[in-house]
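Hi everyone, thanks for having me.

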Amino acid sequence: MSDVDFGKQLRSYRLRCKDPVSGRPLSQQRLGELLGEEMGAGFSGAAISDWERGASKIHVDDRLVLISL
């Protein structure tokens, strides 16, 4: 799977998910916050955007991020 394919899938799944508090689709910022709650270290909305656009990728050794997603 290419970075672009991963990013497209991440965006698609993010938009299908509902924020547990507001019930609205997850924003990039809120997804970063939820990852922070799960992992103890948050991500910015800009980081999520970069992942979705393929501008950056999650390091292969950072399995906790992938599992948390």
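One more: helices are DSSP runs of H or I with at least four residues, strands are runs of E with at least two, and both are numbered from the N terminus.

Before we go on, this is a predicted model, where local features need pLDDT of at least 70 and side-chain atom pairs count only at pLDDT 80 or more, while totals for chains, interfaces and linings use all residues. Residues are numbered from 1 along each chain as its sequence is written, and side-chain values use heavy atoms, with hydrogens and water left out.

Okay, helix α3. Which of its residues are buried? They are Gly45, Ala47, Ile48, Ser49, Trp51 and Glu52.

Look at Glu52 for a moment. Its relative accessible area is 9%, so Glu52 counts as buried. Its side chain makes a polar contact with the side chain of Arg14 at 2.5 Å. By polar contact I mean N or O atoms within 3.5 Å; within protein, one must be able to donate a hydrogen and the other to accept it, and residues adjacent in sequence count only if both atoms are side-chain atoms. Leaving out residues up to four places away in sequence, Glu52 also touches others, including Gly7, Lys8 and Gln28, where a contact means heavy atoms within 4.5 Å.

Now the greasy part. In soluble globular proteins, nonpolar side chains tend to be buried together. A nonpolar core is a set of buried Ala, Val, Leu, Ile, Met, Phe, Trp, Tyr and Cys residues joined through side-chain atoms within 4.5 Å. Here the largest one has 8 residues: Leu10, Leu26, Leu31, Leu35, Ile48, Trp51, Ile58 and Val65.

Zoom in on Val65: beyond its neighbours within four places in sequence, Val65 is in contact with Leu35, Met39, Phe43, Trp51 and Ile58. Met39 sits in α2, residues 28–39, and touches Leu64, Val65 and Ser68, again not counting residues up to four places away. The C-alpha atoms of Met39 and Ser68 are 7.3 Å apart, although 29 residues separate them along the chain.

Terms used: Buried means under 20% relative accessible area, exposed over 50%, partly exposed in between (1.4 Å probe, protein chains only).
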